[in-house]
Amino acid sequence: THTRISDMALKMVISPDKKKLVAVSGGFSDTGLTLYDLATQKVAQFLPLKESFNGLVFSRDGRRIFVSGGDTGLVHVFTYADGKATPAAPVAPASVAGSVPSATDSGPVFLAGLAIHPSTGRIYVCNEANHEIWVLHPDTLVREAVVPTGQHPHSCIVGADRKHLYVTNWGSRSVTIIDLAKNRRVRDITVG
């Protein structure tokens with residue numbers, strides 16, 4: 001029985017139905033996805049994962065949860081209904097040509113932060129190991145585009161204008177701004 005979220009919660013979000021606090025953890029114990037019931041203030045569900053990282057988002061319709069899998073190259077997928085998560089098959093986002101991401105495809109892989117476009121539902125994935133953002137189709141998770149960033153992109157968020165993605169680059173101490181209509185890097189801002 002789990003009474004706490006984890007020894008290393010990497011990211012937490014409130015579910016769209018406002019019933020659960022959902023956390024992804026990657027510590028020495030309790031690596032996985034925890035659903036914490038906001039009404040009872042108790043852990044309602046724990047779904048172990050062999051490996052996870054700081055990427056955690058709900059799909060635009062709130063029916064799926066996506067979790068980044070670090071150097072596994074996987075995006076873990078869960079269905080979400082009635083306040084409960086159910087594991088679905090994880091996805092290794094392949095390019096349109098159908099290749100699995102690997103050192104021979106797009107370079108090294110370490111999947112970190114995730115973001116969802118609130119209008120299109122597209123999923124943006126930080127590939128920290130190869131200094132890029134992957135743009136995934138909202139339904140199939142097929143990789144539609146790859147956009148270069150600064151060094152070691154860790155987290156990303158869609159801007160309030162819904163036209164730009166802002167990416168924190170921990171290796172180059174900068175923020176990359178990406179034009180989402182063109183999937184093109186606009187500029188980097190040094191942040192120290």
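You are looking at a predicted model, in which local features need pLDDT of at least 70, side-chain atom pairs count only at pLDDT 80 or more, and totals for chains, interfaces and linings use all residues. Residues are numbered from 1 along each chain as its sequence is written, and side-chain values use heavy atoms, with hydrogens and water left out.

Now switch to cartoon. The protein chain has 16 strands and zero helices (DSSP runs numbered from the N terminus: strands are E, at least two residues; helices are H or I, at least four). Its radius of gyration is 16 Å, close to the 16 Å that the globule rule gives for 192 residues, so the chain is as compact as a globular protein of that length (taken over C-alpha atoms; the rule is 2.2 Å times the number of residues to the power 0.38). Along the principal axes, the C-alpha atoms fill a box of roughly 45 × 35 × 35 Å. Of the 192 residues, 49% count as buried (under 20% relative accessible area; exposed is over 50%, partly exposed in between, with a 1.4 Å probe and protein chains only).

Next, select residues 9-14 and 42-48, which are β1 and β4. They belong to an open, antiparallel sheet of four strands in the order β1-β2-β3-β4 (two strands pair if DSSP finds at least two bridges between them). Both stand at the edges with a single partner strand each, so one side of each is left without a neighbour in the sheet. From one strand to the next, the twist averages 20° (between N-to-C directions of lines fitted to C-alpha atoms, for helices over the stretch in contact, on a scale from 0 to 180 degrees). Zoom in on Y36: its bridge partner in β4 is V43.

Move on to another open sheet of four strands, antiparallel and ordered β9-β10-β11-β12. Its edge strands are β9 (111-116) and β12 (143-148), each pairing on one side only. Select residues 123-127 for β10, which four bridges join to β9. Here L114 stands opposite V125.

Last stop: G192, in the segment after β16 (184-190). Is G192 buried or exposed? At 69% relative accessibility, G192 counts as exposed. Show R173 too: the C-alpha atoms of G192 and R173 are 5.4 Å apart, although 19 residues separate them along the chain.
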